[in-house]
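Colleague: I have the sequence and the coordinates open. Can we go through them by question and answer, beginning with the charged side chains?

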Amino acid sequence: MSATIKLEKTDRRDTLVDIEKKYQKLWAEEKQFEINAPTIEEDPTDDAEELRRKHPKYFSTMAYPYMNGILHAGHSFTLSKVEFATGFERMDGKRALFPLGFHCTGMPIKAAADKIKREIEEFGEDFSGAPAPDAEEEPAAPKEAVKKDDPTKFAAKKSKVAAKQGRGKYQFEIMLQLGLEKSEVAKFADPNHWLQYFPPLTQKHVTEFGGRVDWRRSMVTTDANLYYDAFVRWQITRLRDCGKIKFGERYTIYSEKDGQACLDHDRQSGEGVNPQEYTGIKIEIT
């Protein structure tokens, strides 16, 4: 394991961080980012156009980060765009609202929880029975570079799943890489624990980033939040009744273990695999 890098002469940086924390604390105490519509007492106008003119508003958000881990650099890239736009519109005199939710639907959380459950059965709750990490493999011989037809297009060397898991071979190792103590990992065999652990951590990180988020409006998806679940059910039912969507059939990857369709990012392995067509030939033996 490489030695920890010791930073020296960070006085200027530390001063800036102290200023940052001071004003983030002030913003939280004054509830600066809790944005409300004007009340009747503030403005009794019942004309919508006039109300919008007198109280201009701005709304922005981003795709809810998925709660199977902590935020990464890609989140900060997207967050910075929404954060900058919200701040600009706020300084321009608008009621700038930036709500943010936590994405918990889909199979990745359940699949990871099931992995931990199996690893507990195999290695014990403290994972002491897990094999020792493999020795560093010898680097493979460099391959001859393949010329790209379009140099403007980027092709990843790893799938999304492989890139996310880092160097961890087992799920409990991936959790340790996220900064968890080994004694905490067994709790994540329960999928609901992910919904309780990562959203508060995400809120903390976004706040430290300086996000102008109205956290009163945050929520988790799935039926763990009955209000959000009811809204999605109403929306889908309404779209179906209006003839905008309908039930159809298509070829898909099916998980016999889970008893349901298993889409690309829902799989523990096999990302990028599509349904394959086979032709069966029946030959009569004489």
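Colleague: Which residues are linked with Glu34 in a network of salt bridges?

Modeller: This is a predicted model, where local features need pLDDT of at least 70, side-chain atom pairs count only at pLDDT 80 or more, and totals for chains, interfaces and linings use all residues. Residues are numbered from 1 along each chain as its sequence is written, and side-chain values use heavy atoms, with hydrogens and water left out. A salt bridge here is a side-chain nitrogen of Lys or Arg within 4 Å of a carboxyl oxygen of Asp or Glu. By that rule Glu34 is linked in a network with Asp214, Arg216 and Arg217.

Colleague: How many salt bridges does the structure hold?

Modeller: Side chains of opposite charge can pair when their charged atoms come close. For the structure, the number of salt bridges is 15.

Colleague: Which residue forms a salt bridge with Glu89, and is Glu89 buried or exposed?

Modeller: Buried means under 20% relative accessible area, exposed over 50%, and partly exposed in between (1.4 Å probe, protein chains only). Glu89 has a relative accessible area of 14%, so Glu89 is buried. Lys94 has 27% and is therefore partly exposed. The closest N and O atoms are 2.9 Å apart in the pair that Glu89 forms with Lys94.

Colleague: How far apart are the closest N and O atoms of Asp14 and Arg13?

Modeller: Asp14 is at 28% relative accessibility, so Asp14 counts as partly exposed. Arg13 is also partly exposed, because its relative accessible area is 44%. The two form a salt bridge, and the closest N and O atoms lie apart by 2.8 Å.

Colleague: What pattern does the chain follow along the sequence?

Modeller: Helices (H or I, at least four residues) and strands (E, at least two) are DSSP runs, numbered from the N terminus. The chain has nine helices and four strands. Read in sequence order, they give α-α-β-α-β-α-α-α-α-α-α-β-β.

Colleague: What covers the buried residues of α4?

Modeller: The buried residues of α4 include Ile109, Ile116, Ile120 and Phe123, and also Asp114 and Glu119. Contact means heavy atoms within 4.5 Å. The cover of these buried residues includes α6 (171-177), α7 (182-185) and α8 (191-209).

Colleague: Which residues does Glu208 touch, not counting those up to four places away in sequence?

Modeller: Glu208 lies in helix α8 and is partly exposed, because its relative accessible area is 32%. Its C-alpha atom is separated by 8.7 Å from that of Glu20, 188 residues apart along the chain. With residues up to four places away left out, Glu208 touches Glu20, Lys21 and Gln24.

Colleague: Which residues make the nonpolar surface patch of about 460 Å²?

Modeller: Patches are made of residues with over 30% relative accessible area and no salt bridge: like charges are joined within 9 Å, nonpolar side chains (Val, Leu, Ile, Met, Phe, Trp, Tyr) within 5 Å. Areas come from the Shrake-Rupley method with a 1.4 Å probe; for residues, only the protein chains shown count as cover. Ile19, in helix α1 (residues 11-30), has a relative accessible area of 44% and is therefore partly exposed. The patch is made by Leu16, Ile19, Tyr23, Leu26 and Trp27.

Colleague: How many disulfides does the count come to?

Modeller: A disulfide is a pair of cysteine sulfur atoms within 2.5 Å. Cys104 is buried, because its relative accessible area is 5%, whereas Cys242 is partly exposed at 43%. The count of disulfides comes to zero.
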